[in-house]
Structure formats: C-alpha cells, structure tokens
Amino acid sequence: MKILLIEDDESLANLVQETLTKQQHYLVDCATDGLEGLELAENFGYDLILLDLVLPKLDGIQLCQKLRSQGDRTPILLLTAQDALTKKVKGLDAGADDYLVKPFELDELLARIRALLRRGNDTLLPILHWQGLNLDPNSCQVNYCDQPLKLTAKEYALLELFLRHPQRIFSQSSLLDQIWSFDEFPSENAVRTQIKGLRQKLKQVGASADFIETIYGMGYRLKQSATAFTEPTKSKIVKPKQSATKLPDLNNIWLQHRAKYLAHLETLTQAIQFLKNELNAKNSLAEAIQIAHTLAGSLGTFGLKKASKYAGQIEQKLKNYSQLTVDDFNLLEQLIEKLNRELNQSFKTSDNLLFLTPRPRTTTYRHKLLIIDDDSALTQVLMSEANTWGLETTVANNLEQARKIVNQNIPDIVLLDLFFPEAIEGGFELLEELTTKQPPIPTIVFTAKESLTTRVKVARLGGKLFLQKPISSYQVLEAIAQVLEQFYPSVAKILVVDEQQKTLDELRQLLAPWGFQVILLADSRQFWQIIEQSLPDLVILQLELPEISGIELCQVVRNDPNWHQLPILAISQSQDEQMIQQAFAAGIDDYLCLPLNPQQLITRIFNRLDKERYRRQQSEIDTLTGVLNRKAFILQINRLLNLAKRQDKPLCFIVIDLDNFKHINDCYGHDAGDLVLRYLGKLLNQLFRKEDVVARWGGEEFVLGLYDVSQESGNHKLEHLLATFCQHNFTDSRDRKFQVSFSGGLAEYPRDGQHLETLYQVADRRLYQAKAQGKNLIV
C-alpha cells in the first residue's frame, strides 16, 4: 500500500510516517505544502492521501477540489485541528472521504486508514484437468488418477505451461524463454533433461510414456488433441483479521522533537506579550494563532493530552483577540505556564498520556501465523523461517491452547497438524471450527499421516492446502505465502479510458469496492503520459474515441517493448463484427459490449490479472528472491530513463553486492546462502516504492532504479536498508547464528550518465571502492 502524507508539521509527519512505514509496512511519500502534495498526487498513483487542512501555498480544501476536478478518485482522509462543523462540511463537500480531528490517537488513524483501504476478492485460479491428470495452481499440487506427483519447480512449471496451452507445440528455445530466468543461462540440454524427468514421474504413476510427445523438428506438446477444461475453484475470501500492532516508542520520538516544540512555545509566549503590549499586533496575532494551532493538533498525538487541550484553549482565545480583556491575557499567561510545565515534565511519568491500545491492521506483509503442532523442534525451525518471511508467529502445542489463542487474538492463517495424542479426531474438529468461523480462517493442514480418505476429509472441511511431512521449512512458508496472496491480494491499478464522464463514474463505482485503484481518463491525447506515470496493471479502453481511437491506442501499446504485454479490455456500444475483428487484430485481450454486465466484467478482469501475474512470475520474477530478473530490469529501467528525460527528473541508479557471500556459502551451506538472498529480496520489495525498479542482477548482486530521486536521497534510503539488513540474525541448519552486510555504489542520471551502461559502470566502480575501503559501506 502506498500513502501520500501532506502535513506541514515536520515532527507530526515524522511520527505518522514512522508508524505507517515501520509498524504497518506501508510506503509513504511526504509533502510539506499543498503545491508539493498536488504535484506528487498528479504524477504518482497512491492508495490513500492523508491531507492536513491548513497548509502553506495551497490549503487542503483547494487541493482536494483540484484533484477531484481532474477525475482523481484516490481516497482522501483530512487531518485537521479545526473541528468546527463548517470546516468538516467544506472538506467533505470538496471531495474528502473522511476526516480526523487533531489531536488523534494513532490507533484511530490506522483504523480509519484500514476502513478506506478495505477490499475483498474471491477469485481463484481454476484447476486444470487432462486425461486423469489434475493440476491445482492454487495449491501447486498435482495428481494423476488420485496419485500425487512430487515434481521439481521446473517440472511443475513445464507441466502447467503444457496444460494451459494443450494444442500448442513449444520449441526448446520457447521453453527456455518461458521457464528459465534470464540469469540462469541454461542450454537446450536442460530442457531435454527436465522433459525426461517429467515423463519418468508421469510413467511411475501410470501415465503413458508419451503423455508429453515430441514433435520432431518442432518441439513438445501434450499428446492427443483434446482440449483441457477448467472448473472454478470455489472459495470464500478472508478479509484481514484483527492483529496486534506495535505502535512506535512515543517516548523516544518525543525526545527527538521536544526541543522544536519548546521553541514554538517560546515564540508563542513572546507573541502573546507583544499582543498584550499592542506591539506589532497584526503579525504577532497571525503567528501566535498558527503556532497554537500546530501545538493543539500535534501534541495530543504524542500522548500529551493536557498540553494539546491547553494549546487549543489558547488558539480559541487568540481568535477573539479584539474582545480580550486584561483578565483574558492573565488567563493566557496561565495557560502558557501550564503548557510549558507539561512539555518540560518527564514523558514517561506523565499522568495524562494517551495510552494507545493496539488495533488491527491490514498490511500484506506482517500477517499473523498460528502453528498448531506438538513437535517443538519442528515448530522452532518453522518460527525461524517465518521470521525471515516477515510473519508474526505464535505456536500452540495442543488443541486447547490453540483454541485459547484463536479466541483471544485471531490469526490470519493457521498451519495445523491433524493428529494429537490426546484427541485422535481433535485436529479435524478444530479444522471445522476454523473454517466455519465468520469470516473463516484459512487453514493449511500439515501432517505425516497421508491417505486419500484424509485428503478428502480435509477438502470437505474447507482446508486450503494439504502438506505431507516431511517437507522443508522453505516449502511450508512458500505454501503459506501462496495462500496469503490469494486471501490478501495486492491492489491492482486499472486505467479506464472513455470520453463519457457517466461511463467513467459508473466504472469507478463498480470497480472500487473490489479494491482496485481506478484511474480515469477522458482525453485520449493524454493516454501515453498517464500510462507511463500511473503504471496500470490493466486498461479498460473505449473503442469509439475522438482524436485517437481505441484501436489506435491499442496498437501504440502493442508496438512498445515495455508495454506490449499490458492486458487491454475493450468496451463499445457496437456489435459490428468487422470492428471487433479489427480490435482483436490490433491486440486487445477481451471485448465487452455496453451496457456492461458487472459480474461478467469483474470475472474477466480477475481472469486477465491472474494470467498476467502468472506470466510475470514465469518470465520476469527471480524465483528465489521475488524481485525482477535482469531481463525485466533492463526493459523497465530504460522506460524510467526515458520518462526522466522527458520530465527533466533525476534518477538514482544503485548496485549492491553482499559482502563475503562465498564465505557464507562455504561456512554455513548454500541453503543458508539462499536464506540470505531471499531475505534481502523481501526487504527490497518492502522498503522501496512500487514504481522503483528492483532486480537481482546475478549471483549476490542486486540493482535498483529510483525515479525522481537524487543520489543524496538514494544514499539515505540505502543507508536505512543497510542498517536494517545488518541487524538481522540468520540461523543455519545447525542452529548457528550469523549476520551479513553488503556494500553499495550509486550513480545519478543525468549527472553521471544518460544510459544504463554508463550508469552501471559508474555505480559498479563506486561499489568496488566501498569494498576496498572495508565493505559494509555505501559510496
């Protein structure tokens, strides 16, 4: 989730940003005035905007009105210390979705953010069938005539590819492109080896030896010409559960910013004295009201409830300056004295703290996992692995303890062993309890006792996956991540292009409840600018457009190497077959006739997004680390460089390399090395923006491209990443703990170069300077 925070009080902004980034794992951009905030909102896509009402250069209501007039429907939450009804009404009438009066409690802020971001999704990939063979993309399980197949990752990917395209003949080079990542550099012998292994495993469970047949001189395909069919997998989506959120240490944050607020108080004291003596009254009054307003809005969020109350009383008195008497000025001085006392007392011993109760959150990263298993050694290994995946893990060693945990603190997902000594059928009973809750809790069964009867019973009771012991901890966490992705899918951005405002509004109202971020465009002449700035995941395109037709826009997209795979769904009033054929020839993926059938539209959107996600996972994502591979990075960084050139913006290019990584592999084993690479990949995806390009260049080397970021800012972000990464404790298979660092080199476009090759050379040279200076360093 990406949030834009527009707040001129730097200390309050830092507190909110730290809460959202470190505790909630949202990505947060900050602006300190209205014009800067408007520029960010116009150029980048956000899931939510937190907007202060009183801002320099452009106030919150004007900013809100400008965004809404441009068709921007991003949810806006107003933050204001002005709790007068007229201000609230003006803000909501300007287009805000909600408001929060300062001072506010952080848990209330988080709850309102969750309410605006809440979404649901109940679409899963269909199960593929072919002549007794069943492949479930949702559980990654394969069986032939009810006999399970244990496949390697490559064998599974090959089989799924064949099942999705049963009539297609795949050449060896085509399989290399679609199954192997760009940096693996396999030969065609690798294809033959994997095909041979897959055929042998199919034969072992009773399939024919030529289930995958060789078409000599051409390639491979499934035998016979029957078409695979799919059946929808029925499931209920589980909305994010309530989970405890650790709020930031307000004491430490307050100590960092207390001096600033004391300086504000001193200025306020002087301004009131000037007002009392009628010296420079006009300027002093404006300054005093502004400072009192800031203090009233910010101090309560730090837990200083009384201080916030005193500042609010001062603000109200000053607004009636013309009617103030000598007694009123005496009261103001008393309030100043009380406020000063509150700010100078020890934060820890204050009696007026707002003790913040943890609230639920909806982050897609820190989900809560409950492991129910009586094998303490196994649960210890799983907890360690789960920590590297960013999961909050709790363990229950028996069924009674598990029920208590579920009743007190609902988990997001459960890993359940079915069989316990004290209750033979107890695991099944608990599984039924978990899956019949409202909403149900997704549960993965994890057991050593395997039979068809057990599998059928688990399926009937609503289990989401069936894992048979023994299985590696990494495979278990992969399965957990897969289920979490289904139940908590990332928000997709959809660009809707139509000249009719009525159609745009209808589509926004239809798509928004499903959790999509909807970008509306009425002027087709701005299409290319918007598509490069907003980075949509799918386009809904009206074919009949003035100036530039929808078919022409589709051709433009298909002709660009960076965007040619973008899913395009065309809509039109026309049912003319010739025009529809022209649209498909131009490259549209699907077509719907107006008026739209809502259910049909949503189904087709999810279908296209699922297919595109699958394609990207196969062709663009490094499977070990979860970041882009080199081939995908080259395409995307060149797109960002072109955008930076047109917009006259900087771009920070970064190369990082793990320190002493060969020693890690030699000393702790390659599994431990993989653990390090996976953790770094997850950290990179977590700490950097969605529009940043992050990739594994090869081996232990990673590259990043940060649009509209200077080298200085990039260095600051990288220092934060390094500090976080170095603090992490890794554990190998022999329970030995170790830590790892990395070195980094930076270059900036256009100062250090205007092309990828030049920027890489500069950054790589600086990387090795860092290595030569002792490693664990950024240059």
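Which residues have the most contacts inside the largest nonpolar core? Let's take a look, keeping in mind that this is a predicted model.

## The largest core

The residues to look for are Leu-50, Leu-109, Ile-113, Leu-268, Ile-314, Leu-318 and Leu-339, which have the most contacts inside this 45-residue core. Domain 1 (2–118) and domain 3 (261–345) both supply residues to the core, so you'll find it between the two. As a bit of background, nonpolar side chains tend to be buried together in soluble globular proteins.

Setting aside neighbours within four places in sequence, Leu-339 is in contact with Leu-265, Leu-295, Leu-299, Ala-307, Tyr-310, Ala-311 and Ile-314. Apart from this core there is another one, made of 34 residues, including Ile-654, Ile-656, Leu-718 and Phe-725.

## His-293

Next, have a look at helix α10, which covers residues 281–298 and holds His-293. The unreviewed UniProt entry puts the feature "modified residue: Phosphohistidine" at His-293.

Is His-293 buried or exposed? His-293 has 8% relative accessibility, so it counts as buried.

## Lys-771

What does Lys-771 touch, leaving out its neighbours within four places in sequence? Its contacts are Asp-657, Leu-658, Asp-659 and Ser-743. Take Asp-659: along the chain, Lys-771 and Asp-659 are 112 residues apart, yet their C-alpha atoms are separated by 8.0 Å.

Note on methods: Residues are numbered from 1 along each chain as its sequence is written. This is a predicted model: local features need pLDDT of at least 70, side-chain atom pairs count only at pLDDT 80 or more; totals for chains, interfaces and linings use all residues. Side-chain values use heavy atoms; hydrogens and water are left out. A nonpolar core is a set of buried Ala, Val, Leu, Ile, Met, Phe, Trp, Tyr and Cys residues joined through side-chain atoms within 4.5 Å. Buried means under 20% relative accessible area, exposed over 50%, partly exposed in between (1.4 Å probe, protein chains only). Domain bounds come from an automatic or database domain assignment. Contact means heavy atoms within 4.5 Å. UniProt positions are given in the numbering used here, feature names are shortened, and annotations may be inferred rather than shown by experiment. Helices (H or I, at least four residues) and strands (E, at least two) are DSSP runs, numbered from the N terminus.
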